[in-house]
Amino acid sequence: MAELPVPGDSRRVAGMFGRVAGSYDLLNHLLSAGLDIAWRRAMVRALLAPGLPPGPVLDLAAGTLDVSVMLSRLGRRAIVAVDPCLPMLQAGRSKIGSGPGAAIHPVLGDGLRLPLPDASVAGATIAFGIRNIRPRPDAFAELARVVKPGGRLVVLEFGTGKRRLWGGLYNFYLRSVLPKIGKLVSGDDEAYLYLAETIREFPDEGTLAEEMRLAGFQEVSYRAMTGGIVFLHAGVKAV
Ligand SMILES: C[S@@+](CC[C@H](N)C(=O)[O-])C[C@H]1O[C@@H](n2cnc3c(N)ncnc32)[C@H](O)[C@@H]1O
C-alpha cells in the first residue's frame, strides 16, 4: 500500500478527505454510534457561553459544515467556515439555509494561512481538525492572530486512547474495526487508516492545553467526554 499522507501535507490530506466527502457524514455517525452530534453540540455551547464578544465566528476545518450549521442555529452570528477541501465544503452546501440561523460563508483556505484579518472573529471552533494541521503551534498562533482579545477558542479532538480503562478496547477499535468499516462504506482504506494513525500520534490533553497557552490563550481548560475518547479544550485570547 502507498504511504499514508502526513498531517500538514495539506494538499494530500485535503485530497484524501475529498475522496470520502460523499460518505463522510454517514461514516461519522456510524463509527461514533451517533455520539459525534453530542460532542459537537458540547463544543458549540462552550464557544457560545456567556462572555463571548460580539462579532462573527470562525469554524476552522469546517468539512461538511455540521459545526457551522449548529453555530448558526444556536449562536445567530455570521460564520466563516474555512477548509482546504472543496468536495467537503460542497458536500455540506445543502445544509446551508435549510432552517433558521445566521449566514454561513464557506471559504477555501488553510489553517496555517487564514484568509482573515487580525482580531477579526469573536471566537473559533475546530472539530476533529487540529490533528491534520502541522506544525500545530503555528496553527494555534494563526488562530490567536484572528481571534479578538477576550475571544474564545474551542477545540474538539479525539484522545490518544492511552487511558487504561479504554486503552485496549479503543485501540482495537481504531486499528482493526474502524478502517474495515471505513473501507466498506467509503471504498477508501487510506482515510480511515490515516484517522487511526493520527489519533495514535496525537499528544495528550495536557500537552495540547500547554500549546494553546503558549500561543496566547489564557484560562485554558479541558474535559474528557465519553471516557476520554474525545477531549474538549477551551481558552480565552489574552487581552
Ligand atoms: C475529520 S474532518 C472534520 C470536519 C468537521 N469539522 C467535522 O466536525 O466533521 C477534518 C477536516 O480538516 C480539514 N483539513 C485538513 N487539513 C487542513 C488544514 N491544513 N487547514 C484546515 N483544515 C484542514 C479537512 O479537509 C477536513 O475537512
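Which residue forms a salt bridge with Arg-131? Select Arg-131 and Glu-157: their closest N and O atoms are 2.7 Å apart. A salt bridge here is a side-chain nitrogen of Lys or Arg within 4 Å of a carboxyl oxygen of Asp or Glu. The pair links distant parts of the chain, 26 residues apart. Arg-131 sits in the loop between E4 and H5, and Glu-157 in strand E5 (residues 147-158). Both Arg-131 and Glu-157 are buried. Buried means under 20% relative accessible area, exposed means over 50%, and partly exposed is in between (1.4 Å probe, protein chains only).

This is a predicted model, in which local features need pLDDT of at least 70, side-chain atom pairs count only at pLDDT 80 or more, and totals for chains, interfaces and linings use all residues. Residues are numbered from 1 along each chain as its sequence is written, and side-chain values use heavy atoms, with hydrogens and water left out.

**Stop 1**

The whole structure holds 14 salt bridges. Select Arg-145 and Asp-118 next. Their closest N and O atoms are 2.7 Å apart. This pair also joins distant parts of the chain, 27 residues apart. Arg-145 is in helix H5 (residues 136-146), while Asp-118 is in the loop between strand E3 (104-108) and strand E4 (121-127). Helices (H or I, at least four residues) and strands (E, at least two) are DSSP runs, numbered from the N terminus. Arg-145 is partly exposed because its relative accessible area is 26%. Asp-118 has 54%, so it counts as exposed.

Now go to helix H8 (residues 205-214). Arg-213 and Glu-210 are three residues apart in this helix, so about one helical turn separates them. Their side chains meet in a salt bridge at 3.0 Å, N to O. Arg-213 has a relative accessible area of 38% and is partly exposed. Glu-210, at 37%, is partly exposed too.

Then select Arg-12, Arg-19, Asp-188 and Glu-190 together. Salt bridges link these four in a network.

**Stop 2: the ligand**

Select the ligand and its surroundings. The shell has 20 residues, and the closest are Tyr-24, Arg-40, Ala-61, Asp-83 and Gly-111. Colour the shell by class: twelve residues are nonpolar, five polar and three charged. Ala, Val, Leu, Ile, Met, Phe, Trp, Tyr, Cys and Pro count as nonpolar, Asp, Glu, Lys and Arg as charged, and the others, Gly among them, as polar.

Look at the polar contacts, which are pairs of N or O atoms within 3.5 Å; within protein, one must be able to donate a hydrogen and the other to accept it, and residues adjacent in sequence count only if both atoms are side-chain atoms. A backbone N or O atom of Ala-61 is 2.7 Å from a ligand nitrogen. A side-chain N or O atom of Asp-83 is 2.7 Å from a ligand oxygen. A polar side-chain atom of Asp-110 lies 3.2 Å from a ligand nitrogen. Taken alone, the ligand exposes 600 Å², and the protein buries 98% of that. Accessible areas come from the Shrake-Rupley method with a 1.4 Å probe; for residues, only the protein chains shown count as cover.

**Stop 3**

Ala-61 lies in the loop between strand E1 (57-60) and H3. Select Leu-65 in that loop between E1 and H3. Phi of Leu-65 is near 75°, again positive in a residue other than glycine. Leu-65 counts as buried because its relative accessibility is 0%.

Jump to Arg-134 and Pro-135. A cis peptide bond joins them, with omega about -5°. Pro-135 is in the loop between E4 and H5.

**Stop 4: the end of H1**

Select Ser-32, in the loop between H1 and helix H2 (35-48). A polar atom of the Ser-32 side chain is 2.8 Å from the backbone oxygen of Asn-28. Ser-32 has 12% relative accessibility, so it counts as buried.

Conventions
A residue is near a molecule or strand if one of its heavy atoms lies within 4 Å of it.
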